[in-house]
Amino acid sequence: LQAESIFYRNEKLYYTRANELFSYNHSTQHSQKILETPYTSEVIKAVYFEREDNMWLGTNKGLYIAKNNTIECIMESIDISCFFMDTTHNLWIGTVNDGIRIVHACNPNKISIIKEKESSPEGYQLSNNRIRCINEDNQQNIWVGTYAGITLFSLKDRTSSILVQNDKTDYSLKHNSIYAIHKDKQGTMWVG
């Protein structure tokens, strides 16, 4: 089975291959194509299910929303790397080299943009535009793993801070290039 990305949801395995999304049934060992994006040159790199009939697709060429067997491009010419839904139901969208987009739960037509060296309407600043992963801690801080450290966004205070490697500090990052951030059951944040 060749796949660009895989994920597991509601006891089903999903995977992407080029511009197609499949589900896989382990007991029957059968794959079923669920959908495909309009362009064969696209690669689906990230999928986020809001519900079984409503999902976000991030490709190397844009952002799509799929609802009830229809697919619509929301943003063109953007290379998506990851999705994260925060506790206030805002969808955070990481890009390969163009910062973050936030689709707001209270107004899905409003999409905020956060980029390096630019202040967002929310007052957030980003350490680097190469976004690799996003997660949230128990205090409602959004952790954004980038090529150049971690940016922490406080949803409560509307502030941002940057964590980077520092040889003079024992508890700093060992390296700035962040590929994974995971929150365990106790709320501890693990950084890779």
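Because the model is predicted, local features need pLDDT of at least 70 and side-chain atom pairs count only at pLDDT 80 or more, while totals for chains, interfaces and linings use all residues. Residues are numbered from 1 along each chain as its sequence is written, and side-chain values use heavy atoms, with hydrogens and water left out.

Let me begin with the overall architecture. The chain has 18 strands and 0 helices, these being DSSP runs numbered from the N terminus (strands E, at least two residues; helices H or I, at least four). Its radius of gyration is 17 Å, which agrees with the value near 16 Å that a compact globule of 192 residues would have; the radius is taken over C-alpha atoms, and the globule rule is 2.2 Å times the number of residues to the power 0.38. Along the principal axes, the C-alpha atoms fill a box of roughly 55 × 35 × 30 Å.

Turning to burial, 44% of the 192 residues are buried, that is, under 20% relative accessible area, with exposed meaning over 50% and partly exposed in between (1.4 Å probe, protein chains only).

Finally, the cysteines. How many disulfides does the count give? The count is 0, a disulfide being a pair of cysteine sulfur atoms within 2.5 Å. For Cys82, the closest cysteine sulfur belongs to Cys133 and lies 6.7 Å away, too far for a bond. Cys82 is buried, because its relative accessibility is 10%. Cys106, by contrast, is exposed, with a relative accessible area of 75%.
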